[in-house]
Amino acid sequence: MRVVLDTNVLVSALLVESSTPGQLVKYWRQGRFDLITASAQLEELTQVTRYPKIRARLHPVLAGRLVNELRDVAVIVDNLPEVDVSEDPYDNYLLALADAGRVDYLVTGDKAHLLGLKRYGGARIVSVRQFMSLAKLPLS
């Protein structure tokens, strides 16, 4: 199963390891699904974790470790197609990544722009809890 995790899911996992997003990242580390990412997302994750309000709650080493782990273990797909579907132009690269990476699921917490789309190409767009249920991954 191929999955894109929105950057907001990754940041949530970093902030609270015991959270549902944190559990989801743990399942990825256990090899329960293939995580698909792009250089653009790694750059976004690096930038977001440097915001003062995030840095106040997160040790920079944890963010750096996750970025390195994504770079080393996740499937990196670049040369993304142009996509102009989301009302938030910053979300379009995630849709392009889902399409180019031929993913089954795009997992996001973005209720305002992405979850309402429900599907893009072959990918279902779902919340963390929906994905956990669909993938039959137990919640702790």
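Reader: Which residues touch the most other members of the largest nonpolar core?
Author: Keep in mind that this is a predicted model. The core has 31 residues, and Leu5, Leu24, Leu70, Val107 and Phe131 touch the most other members.

Reader: Which elements each supply at least two residues of this core?
Author: Two strands do, β1 (2-5) and β4 (105-107). The helices are α1 (7-15), α2 (20-29), α3 (39-48), α5 (60-73) and α7 (128-134).

Reader: And which gives the most?
Author: That is α1, with 5 residues.

Reader: Why would such residues group together at all?
Author: In soluble globular proteins, nonpolar side chains tend to be buried together.

Reader: What comes just after α2?
Author: Gly31, with a positive phi of about 85°.

Reader: Where else is phi positive, in a residue other than glycine?
Author: At Asn79, where phi is near 55°. Asn79 is in the loop between β3 (75-76) and α6. Lys118 is not a glycine either, and has a positive phi of about 65°. Lys118 lies in the loop between β4 and β5 (119-120).

Reader: Is Asn79 buried or exposed? And Lys118?
Author: Asn79 is exposed, with a relative accessible area of 79%. Lys118 counts as exposed as well, at 60% relative accessibility.

Reader: New topic. How many salt bridges does a search of the whole structure find?
Author: It finds 1. The side chains of Arg29 and Glu69 meet there, at 2.9 Å from N to O.

Reader: Which parts does the pair tie together?
Author: Arg29 lies in α2 and Glu69 in α5, so the pair links parts that are 40 residues apart in sequence.

Reader: What is the relative accessible area of Arg29? And of Glu69?
Author: For Arg29 the figure is 47%, so Arg29 is partly exposed. Glu69 is partly exposed too, with 22%.

Reader: Now helix packing. At what angle do α3 and α6 cross?
Author: At roughly 140°. Their axes come within 10 Å, and α6 covers residues 92-100. The crossing is left-handed.

Reader: Which residues meet there?
Author: Ala40, Gln41 and Glu44 in α3 meet Tyr93, Leu94 and Leu97 in α6. By class, that contact has 4 nonpolar, 1 polar and 1 charged residues.

Reader: Last one. What does Thr7 touch?
Author: Thr7 touches Gln41, Glu44, Leu45 and Tyr93, not counting residues up to four places away in sequence. Thr7 is found in α1.

Reader: Is Thr7 buried or exposed?
Author: Buried, with a relative accessible area of 4%.

Definitions and conventions. Residues numbered from 1 in each chain as written. Predicted model: local features only at pLDDT ≥ 70, side-chain atom pairs only at ≥ 80, totals over all residues. Heavy atoms only, no water. Core = buried A, V, L, I, M, F, W, Y, C linked by side-chain atoms within 4.5 Å. Buried < 20%, exposed > 50% of the residue type's maximum accessible area, 1.4 Å probe, protein only. Helix = DSSP H or I, 4+ residues; strand = E, 2+ residues; numbered from the N terminus. Salt bridge = Lys/Arg side-chain N within 4 Å of Asp/Glu carboxyl O. Axes fitted to C-alpha atoms, helices over the stretch in contact; angles between N-to-C directions. Left-handed = near helix turned anticlockwise from the far one by under 90°. Contact = heavy atoms within 4.5 Å. Nonpolar A, V, L, I, M, F, W, Y, C, P; charged D, E, K, R; others polar.
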